[in-house]
Amino acid sequence: MHGLLRDTTVLAHAVHLTDDEIRLIKERRAGISHCPTSNFNLRSGVAPVGRYLDEGLKVGLGTDVSGGYSTSMLNAIQNASIASKVASMTNVPSPALRDTSHSGTVANSKQLVSPPTTPPSEPTEEASSSRFTNRQLPIQTLFYLATLGGAHVCSLSQKIGSFSPGKSFDALLVSVLDEKGAIGVWGREAKCDSDLETKRKKLEENLERFLFCGDDRNIQKVYVQGCLVGGKLFGQ
């Protein structure tokens with residue numbers, strides 16, 4: 001391999017990997033850039049991202065605009081969700097993941113909610129118990145792929161990818177209220193003046209609104225390494 005496959009290597013697409021290739025990528029700690037928009041546009045196929053997560057591979061989202069048609073990470077998130085749904089419809093889950101009491105549901109839903117929270121090189125009980133293969137990826141996992149997952153792929157997770165202390169402050173200030181201009185997110189239902197638990201649930205709901213129905217009109221401020229560099233309110 002002449003040292004080409006290593007922990008800083010980013011492999012795009014990874015739609016048709018063999019078992020041996022998966023094992024080699026994990027052994028070399030290389031990362032996979034999942035580009036669902038391009039894969040759909042070129043009819044390349046659907047990458048089994050759920051399996052890669054279960055195998056402990058580093059996975060993030062990419063756009064590959066030469067094969068796709070959008071540089072938007074929101075678009076990549078949306079198509080990654082669709083790709084996982086296609087995988088769930090066209091592949092039969094293993095018996096261990098089936099719920100014998102309710103058809104079409106999962107017995108232990110917690111297994112499918114928690115995304116990987118540590119690099120594959122640092123496995124935990126939480127990561128090893130997760131099962132994403134041939135399942136629709138939950139919102140938390142899609143958000144992980146677009147943020148910390150990508151940081152792991154680029155071997156930059158110690159510096160970016162989350163709001164952990166000591167990392168660069170890279171962030172978006174987002175509003176899903178109607179008055180911000182993007183009425184497709186149903187902003188009238190976004191406000192909440194109830195108890196803390198209800199507000200928490202509403203916050204998660206609003207994140208989903210933004211990821212699937214939002215666009216640049218919802219982005220009020222863009223911060224890169226703590227500096228305000230864009231957004232609708234930039235320069236005001």
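Visitor: In what kind of crossing does H7 pass H9, left-handed or right-handed?

Guide: This is a predicted model: local features need pLDDT of at least 70, side-chain atom pairs count only at pLDDT 80 or more, and totals for chains, interfaces and linings use all residues. Residues are numbered from 1 along each chain as its sequence is written, and side-chain values use heavy atoms, without hydrogens and water. A crossing is left-handed if the near helix is turned anticlockwise from the far one by less than a right angle, right-handed if clockwise. H7 passes H9 in a crossing that is left-handed.

Visitor: Why are H7 and H9 called oblique?

Guide: Axes are lines fitted to C-alpha atoms, for helices over the stretch in contact, with angles from 0 to 180 degrees between N-to-C directions. H7 (residues 139-146) and H9 (residues 196-213) pack at about 60°, axes 11 Å apart. Under 35 degrees is roughly parallel, over 145 roughly antiparallel, 65 to 115 roughly perpendicular, and the rest oblique. The pair is therefore oblique.

Visitor: Which residues of H9 make the contact?

Guide: Contact means heavy atoms within 4.5 Å. H7 brings Ile 139, Leu 142 and Phe 143. H9 brings Leu 207, Glu 208, Leu 211 and Phe 212.

Visitor: What is the bridge partner of Leu 173 in S5?

Guide: S4 and S5 pair over four bridges, antiparallel. In S5, Leu 173 has as its bridge partner Lys 221.

Definitions and conventions: Helix = DSSP H or I, 4+ residues; strand = E, 2+ residues; numbered from the N terminus. Pairing = 2+ DSSP bridges.
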